[in-house]
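The tour moves from one selection to the next.

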Amino acid sequence: MKKILFALPAFFITNFLTISVHAADIWSYRTNEDKMTGKSTKFASLTSDNRLNFQFPYEDPANYGYLTIRQKAGEPAEVLFSIGKGQILCPGYGSGCTVTVRFNNDKPMQFSAIGPSDHSSTTLFILNESRFISGAKKANRILIKFTAYNAGEQILEFKPATYLEWNNNTKSKK
């Protein structure tokens, strides 16, 4: 009986400490290797603190937003913004749209964005990548406003507990 009593407080303390650091609050980093070319791609990812509240067929209590910075070896970094479910309104690949981004309490900034080449409606590539990454490196709060199908303007909030650590070795595309 004594063993169980000692184990229970340790269980609750361990689980409380684990839960107190929300995974969405931390930039996660990884590197993948392309098996065909042997070249590596590095990633930094962050999940939004708030979630999207869409109606059927996109309703999902775990519908979050995601920021991803991706850089393939020898290429400029790319900034991807995506949602779990729904449709981001941005005309087809190449036409583009605009999203509003606010870093910390700075003035909101407009960024051009384009859809991906596979025409997915859940992802955008945010352009002027170096400007975005520069702002994200100093931000403990990032707001992104975009337009969603049948839901109008939406704002996702990202509150990283740590600053983005990113070394972009190649220049951004113009």
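A disulfide, for the search used here, is a pair of cysteine sulfur atoms within 2.5 Å. The model is predicted, and a search of the whole structure finds one such disulfide.

**Stop 1: the disulfide**

Select Cys90 and Cys97, which the disulfide joins with an S to S distance of 2.2 Å. A disulfide is a covalent bond between the sulfur atoms of two cysteines. Is this one left-handed or right-handed? The torsion about the S-S bond of Cys90 and Cys97 is about -100 degrees, so the disulfide is left-handed. Cys90 and Cys97 are both buried.

Now colour strand S5 (residues 97–103) and strand S6 (residues 109–114), which run antiparallel and are joined by five bridges.

**Stop 2: the sheet**

Switch to a cartoon view. In what order do the strands of the sheet lie? The open sheet has nine strands in the order S1-S2-S3-S4-S7-S6-S5-S8-S9, with antiparallel pairing. At its edges are strand S1 (28–33) and strand S9 (152–158), each of which pairs on one side only. On average, neighbouring strands of this sheet are turned by 30 degrees against each other, direction ignored.

**Stop 3: the hairpin at one edge**

Select strand S8 (residues 142–148) together with S9. Seven bridges join S8 to S9, and the two run antiparallel. S8 and S9 form a hairpin with three residues between them. In the turn, Asn150 has a positive phi of about 60 degrees.

Next, pick Ile144, which stands opposite Leu156 in S9.

**Stop 4: the nonpolar core**

Select Leu67, Ile69, Phe81, Phe132, Ile142, Ile144 and Phe146. Of the 33 residues in the largest nonpolar core, these touch the most other members.

**Stop 5: a residue in S3**

Go to Thr68, which is in strand S3 (residues 64–72). Is Thr68 buried or exposed? Its relative accessible area is 17%, and buried means under 20%, so Thr68 is buried. In a regular strand the side chains alternate between the two faces of the sheet. Apart from neighbours within four places in sequence, Thr68 is in contact with Phe43, Ala44, Ser45, Glu78, Val79 and Leu80.

**Stop 6: backbone exceptions in the loops**

Most residues other than glycine have a negative phi, and most peptide bonds are trans. The remaining selections depart from this.

- Pro57: this residue lies in the loop between strand S2 (40–51) and S3. The peptide bond from Phe56 to Pro57 is cis, with omega near 10 degrees.
- His119: look in the loop between S6 and strand S7 (123–126). Phi of His119 is positive, near 65 degrees. His119 counts as exposed because its relative accessibility is 57%.
- Asn128: look in the loop between S7 and helix H2 (129–137). Phi of Asn128 is also positive, near 60 degrees. With a relative accessible area of 35%, Asn128 is partly exposed.

Note on methods:
Residues numbered from 1 in each chain as written. Predicted model: local features only at pLDDT ≥ 70, side-chain atom pairs only at ≥ 80, totals over all residues. Heavy atoms only, no water. Helix = DSSP H or I, 4+ residues; strand = E, 2+ residues; numbered from the N terminus. Buried < 20%, exposed > 50% of the residue type's maximum accessible area, 1.4 Å probe, protein only. Contact = heavy atoms within 4.5 Å. Pairing = 2+ DSSP bridges. Axes fitted to C-alpha atoms, helices over the stretch in contact; angles between N-to-C directions. Core = buried A, V, L, I, M, F, W, Y, C linked by side-chain atoms within 4.5 Å.
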